[in-house]
Amino acid sequence: MMKKRDLYTSQVKRAAHLLFFRRHRKPGVKGWELRKRLGSDYPKVLGILDSFLDKLDLQVKTVFEGETSKEKPSLEDYDKARFYVTLRGGLTPKETKMMGWRIDDIAGLAITISSIISKKGKASRSEVEKLLRDKLPGWRVELNLDRYIRSGYVAEDENRQLYLDWRTRAEIDESALVKLLLGTDG
Amino acid sequence: MIREYFPEWKLPEDLVLDSETIQHLASVINMQSEWVKHRSTSLYTDPFLLDEKIRRLSREQLGTIFLKSWRPIVEMEQISPQSLMQAIRYWNDLIPLDERWQRTEFTETETGTATISELLEQKVLADKMFSEELDALWRELMQKTTGQEKIKYWDFIGALTFDETVRRAYLTSFLVTYGFATMEINRLEEIIFLKPFKKPISFDKKLVASVPVSISFDDWTKWREGQLE
């Protein structure tokens, strides 16, 4: 019979494979999928994986359904949540350039997300475009906004209202972004 | 409050009137409490305050702030059994090259105009490359007009080859359309000048007119020989 320690080691490996390799259109794995593959103890397995990833400046990010965070999540909350591997620390502007993001694109994304947050999670596209036009050349405004929508940072409905989408919830610390913006001297 | 005034309420009408007032007061307090609750959440931000902040901060500052709160997803894309099957099917259905070349036929299509977004969609232009080229051309125009207000259109778009001249004319048309420069036309002498703006200007759509500028090989040859004004 497999020892408990060996069992966890093999489960951590399997969890890493599930989280790193994209198997669906969107990255990440749903909690119920992990439960099916790793058993009901999967939150503990993810905790062990997270401590391994710490050394590589990576982390296991949990995005709960609906709310941004939960104080004491139940197993049902975990099952409905989506899990990703994200960077633990920050990036330098040089690194973002290697990833195909120019400083203009990043600034535009910061403006778009923070303006949607400040308007209680919903802002009209024209309002956001007006703000972006202040920082980006005119022809890039629409292109950039469409890129943010394609990447899953922002969603747009038929009334041209913008909302925060799945990637923002997975990758961005929204309250830190707003606090930093307000706390920086212009 | 109720305890204080209750002994003075003699008539039922007084009682109803006062309790109605109390109910309205309570609803105001309730709305105020909701407002305070929302404002006290960590995500509450005054939209005007944030707009003002965004306007004051430079692109670099905004970018640096964003990087501090951005934790991008790490993932690996790999070939799946499904995509391998799809590739095999495609390869098997592919007609041999010599057969394909024989079947090549040309169909005549009507000429028309294409917008920049259509060209981007059809992958004729890469958005990143195009915007960078436009940025560079704008800088070049500003550099060439240092110490003077404007430059002759042909002196700016003219290049060593005709192809390059057409490309520069094409990009210049976008500089003018997007408000990075304007055209000044001397109709008597038929000379066109280009004037750059330090900041892009948005024009009143009603006052904007399209100016067709012809770029022919003859014009280019004349410009090269110094005959074209």
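How many bridges join strand S5 (residues 154-156) of chain A to S6(A)? The structure is a predicted model, in which local features need pLDDT of at least 70 and side-chain atom pairs count only at pLDDT 80 or more, while totals for chains, interfaces and linings use all residues. Residues are numbered from 1 along each chain as its sequence is written, and chains are lettered from A and ligands numbered from 1 in the order in which they are written.

S5(A) and S6(A) run antiparallel and are joined by 3 bridges; strands are DSSP runs of E with at least two residues, helices are runs of H or I with at least four, and both are numbered from the N terminus. Two strands are said to pair if DSSP finds at least two bridges between them. Within this pair, A:Val154 has A:Leu164 as its bridge partner. The two strands form a hairpin with 4 residues between them, and A:Arg160 in the turn has a positive phi of about 60°. S6(A) is also joined by 2 bridges to strand S4 (residues 123-124) of chain A, again in the antiparallel sense, with A:Ser124 opposite A:Gln161. In a regular strand the side chains alternate between the two faces of the sheet. In strand S6 (residues 161-164) of chain A, the covered face carries A:Leu162 and A:Leu164, whereas A:Gln161 and A:Tyr163 belong to the uncovered face.

In chain B, an open sheet of 3 strands has the order S1-S3-S2, with antiparallel pairing. Strand S1 (151-152) and strand S2 (181-186) of chain B stand at the edges with a single partner strand each, so one side of each has no neighbour in the sheet. S2(B) pairs with strand S3 (residues 191-196) of chain B over 6 bridges, and B:Asn186 has B:Ile191 in S3(B) as its bridge partner.

Between the chains, 49 residues of chain A are in contact with 36 residues of chain B, contact requiring C-beta atoms, placed from the backbone, that lie within 7 Å. H6(A) provides the largest share of the chain A side, 11 residues. This side divides into 28 nonpolar, 10 polar and 11 charged residues; Ala, Val, Leu, Ile, Met, Phe, Trp, Tyr, Cys and Pro count as nonpolar, Asp, Glu, Lys and Arg as charged, and the others, Gly among them, as polar.

Helix H4 (residues 59-69) of chain B has several buried residues, including B:Leu62, B:Ile65 and B:Phe66; a residue is buried if 20 or more other C-beta atoms lie within 10 Å of its own, exposed if 12 or fewer, and partly exposed in between. The cover over the buried residues of H4(B) includes H5, H6 and H10 of chain A.

How values were computed
Contact = placed C-beta atoms within 7 Å.
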